[in-house]
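Work through the exercises below with the sequence and the structure open. Try each task before reading its solution.

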Amino acid sequence: MDLSLNIERLLTGLESDRVERTIGTDKTSKFAKAICAFANDYPNHRQPGYLVIGANDDGSIAGLEVTEQLLQSLAAIRSDGHVLPPPAMSIHRVSLPGGDLAVVEVQPSLAPPVRYRGRVWIRIGARRAVANEQEEHILSERRSFNSASFDATPVQGAVLSNLSMRHFEDYRALTVDPEIIAANHRTVEECLASLRCYDLVNHLPTVAGILLFGNNPRHFLPCAYVQFLKFPGTAASDTPEDQLEIDGDLRFVVETLRGKILAYNKIPLIQGEQLRERSIPDYPEWAVRELLHNALMHRDYRAQAPVRFYWYADRIEIQSPGGLYGNVTPTTMTRRSAYRNPTIAEAMKAMDYVNRYGYGIQRALALLEANGNPKPEYEIDEAEVRVTLRPRPR
């Protein structure tokens with residue numbers, strides 16, 4: 001159905017669990033709560049929900065100006081990391097006889113519950129509310145039937161004791177509103193399930209749970225590690241001067257990788273203007289980390305290969321098993337995102353390893369350019385994504 005006709009039809013009816021109308025244009029928090037609620041699709045319509053900005057409660061057009069700034073601020077809700085996992089949504093300017101509207105079309109999430117700033121928002125009729133424990137439980141169970149991502153699948157043979165509850169509690173403090181935690185009456189399994197780390201139907205930890213909190217993730221996912229090699233020269237045939245298989249929970253892996261970057265990233269003194277010396281690294285730390293984090297987020301954890309991080313005298317190579325995912329192509333990868341592992345991506349954002357969703361490569365490119373490094377070189381096929389970084393010319 002044409003979107004304009006659909007919106008006209010929705011405007012003529014009462015506000016419901018599929019449509020919310022407002023005339024405010026600067027209520028970002030309200031918009032985000034509405035988007036979160038539509039993504040959770042608690043009534044299970046399996047149809048989009050619509051946030052309509054510029055319409056009165058009775059459905060009449062308010063005559064507000066729909067500016068580019070408003071449309072951009074609405075689009076930013078998808079990537080700013082406050083609604084997790086990121087919602088599937090599109091922004092439209094709809095012109096009707098009475099004036100323009102800004103319309104946010106939100107698709108039901110395949111991985112509920114979705115949170116805004118740690119709270120699960122849902123629609124119950126025309127009312128928006130924070131989900132109670134039973135409602136969260138329903139959303140968690142629903143995910144088991146419709147989730148398409150590998151990181152949300154249950155791990156056969158795993159049990160609760162394979163997870164570190166200390167790591168889980170640390171992570172939950174980052175992702176769930178403190179008031180929700182304080183009022184918690186749920187079992188540990190239900191708490192894990194609400195963060196997509198436990199499957200309540202099969203009573204098993206998920207792949208994400210094992211990767212984030214597992215005591216020994218490689219027992220269940222043998223290639224869930226990073227192979228680090230530091231070569232003294234430019235050839236892989238050289239004897240490495242440092243080598244390590246980095247495994248364990250995700251935070252340990254990321255922090256260990258950071259230590260390797262800090263250890264081997266040379267920072268020579270460069271004589272600049274007025275004979276002043278400046279310290280400029282061979283590689284900007286966060287550019288290397290962004291690309292490594294991308295490899296961890298987007299890799300295929302079913303592949304029988306690790307992430308490879310090879311440091312040569314004249315380059316860095318990062319190899320991620322699994323080709324590009326979804327609608328991402330080599331020509332669109334700097335501006336388009338599709339998440340093979342949405343729960344892992346959410347965790348990377350919650351732990352401040354990702355600044356904004358969908359901007360990792362753009363940020364790395366900007367940092368490399370500012371540091372004077374050449375652009376990264378990509379080799380992409382169905383089995384692997386390889387990126388090569390060259391040091392800053394001296």
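**Exercise 1.** Which helix holds Asn-294, and is Asn-294 buried or exposed?

*Solution.* The model is predicted. Start with the secondary structure: Asn-294 sits in helix H11. Next, take its relative accessible area, which is 15%. The cut-off for buried is under 20%. Asn-294 is therefore buried.

**Exercise 2.** Which residues does Asn-294 touch, leaving out those up to four places away in sequence?

*Solution.* Asn-294 then touches Arg-299 and Ile-361.

**Exercise 3.** Describe helix H11: how many residues does it have, and what does it reach from its first C-alpha to its last?

*Solution.* Helix H11 runs over residues 285-298, which gives 14 residues. At 1.5 Å a residue, 20 Å is expected. The helix reaches 20 Å from first C-alpha to last, close to that value.

Now turn to its cover. Eleven of the 14 residues in H11 are buried, and the helix is mostly covered. Among the buried ones are Ala-287, Val-288, Leu-291, Leu-292 and Met-297. The buried set also includes Arg-289, Glu-290 and His-293.

**Exercise 4.** Where does Thr-28 lie, and how far is Thr-28 from Cys-191 in sequence and in space?

*Solution.* Thr-28 lies in helix H2, residues 28-40. Its relative accessibility is 42%, so Thr-28 counts as partly exposed. Along the sequence, Thr-28 and Cys-191 are 163 residues apart. In space, their C-alpha atoms are 28 Å apart.

**Exercise 5.** How many helices and strands does the protein have, and what share of its residues is buried?

*Solution.* Count the elements: 13 helices and 18 strands. Then the burial: 52% of the 394 residues are buried. Go on to contacts between residues at least 6 apart in sequence; 66% of these join residues at least 24 apart. Last, the surface: the protein exposes about 17900 Å², with 49% of it supplied by carbon and sulfur atoms.

**Exercise 6.** How many positive and negative side chains does the protein have, and how far apart are the centres of the two sets?

*Solution.* There are 45 positive and 49 negative side chains. The centres of the two sets lie 2 Å apart.

Definitions and conventions:
Residues numbered from 1 in each chain as written. Predicted model: local features only at pLDDT ≥ 70, side-chain atom pairs only at ≥ 80, totals over all residues. Heavy atoms only, no water. Helix = DSSP H or I, 4+ residues; strand = E, 2+ residues; numbered from the N terminus. Buried < 20%, exposed > 50% of the residue type's maximum accessible area, 1.4 Å probe, protein only. Contact = heavy atoms within 4.5 Å. Areas by Shrake-Rupley, 256 points an atom, 1.4 Å probe, with all protein chains shown as cover. Lys, Arg positive; Asp, Glu negative; His and termini not counted. Charge placed at Lys NZ, Arg CZ, Asp CG, Glu CD. Expected span 1.5 Å × (residues − 1).
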